[in-house]
Amino acid sequence: LLDQDARSLSYRFDGSLALRMLGSVYSELGNEALATEIYEEAARLARKLNESNPDVLPYKTQLAVLSMSLGTNYEQSEQWDKAEEAWTQALRLERELLASSADDPDIQADFATCLTALGDLALRREDSPNAKEYLREALPILRTLNERNPSNTMFEEQMRRVELQLKDLAE
C-alpha cells in the first residue's frame, strides 16, 4: 500500500479493504466502537470509489459489505436508526448488484441477509407490515439457497427463522 500513489483508485480500494479487515478484527475482539469507526472510514473511501465509478462491481460490492458490517455493529450497540440506515443502503446496493449478477449465490445470500435484517428491525419497532414485506421477499431466496447448498446449515437456519417469524406475524 505504501508505494502506491494515494490518489489512485487501487490504493483507495486496497485501503478500504484493509480497513474493513481491521474493523472485523476489532469487532471479533468485542471493541464495537472502534470497529464502527474503522468501518465508517472504510465506507467513506468505498463510497467515493462507487460514486465516481458506479459500473465497477467490486467497488459497489465493497460498499455493500461495509454497509452490512456497519448495520450489524450499530445493532449491537443498539443504534437502531443508524442500523436501519446502513441496512437500507446495503439492500439498495445489493439490488443493483443482483440486477447485473442475478445468479451469483453470494449476492443472493447478502441480499437475503439485508432483507432479514430489515425485517428484524421492523419487528423491533413493531412495524408488522414492513416486517412481513421484507421477510416474504427473503424467504424464497433462502429456500433456493438452502436447496442449492444443503451442506450449508446457515441457509437452513436463516430460512427456518424467517418461516417462524412469518408464522408469528400471521397469528
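Colleague: Why is Arg95 called partly exposed?
Modeller: Its relative accessible area is 38%. Buried means under 20%, exposed means over 50%, and partly exposed is what lies in between (1.4 Å probe, protein chains only).

Colleague: Good to know. What should I keep in mind about the model itself?
Modeller: The model is predicted, so local features need pLDDT of at least 70 and side-chain atom pairs count only at pLDDT 80 or more, while totals for chains, interfaces and linings use all residues. Residues are numbered from 1 along each chain as its sequence is written, and side-chain values use heavy atoms, with hydrogens and water left out.

Colleague: What makes the pair Arg95 and Glu137 a salt bridge?
Modeller: The term asks for a side-chain nitrogen of Lys or Arg within 4 Å of a carboxyl oxygen of Asp or Glu. Here the N to O distance is 2.8 Å, so the pair qualifies. Arg95 sits in helix H4 and Glu137 in helix H6 (residues 128-148), so the bridge ties together parts 42 residues apart in sequence. Helices here are DSSP runs (H or I, at least four residues; strands are E, at least two), numbered from the N terminus.

Colleague: Which residue does Glu96 pair with, and what does that link?
Modeller: Glu96 meets Lys60 in a salt bridge with an N to O distance of 2.7 Å. Glu96 belongs to helix H4 (residues 80-100) and Lys60 to helix H3, so parts 36 residues apart in sequence are tied together.

Colleague: Are these two partners buried or partly exposed?
Modeller: One of each: Lys60, at 7% relative accessibility, counts as buried, whereas Glu96, at 33%, is partly exposed.

Colleague: How many salt bridges does the structure hold?
Modeller: It holds 10. Among them is Glu163 with Arg160, at 2.9 Å, N to O. Both residues lie in helix H7 (residues 153-170), 3 residues apart, about one turn of the helix. Salt bridges that share partners join Arg143, Glu156, Arg160 and Glu163 into one network.

Colleague: And how do you know that Asn53 is buried?
Modeller: Its relative accessible area is 18%, which is under the cut-off, so Asn53 counts as buried. Asn53 is found in the loop between helix H2 (32-52) and helix H3 (57-76).

Colleague: Which residues does Asn53 touch?
Modeller: Leaving out residues up to four places away in sequence, it touches Leu9 and Tyr59, where contact means heavy atoms within 4.5 Å.
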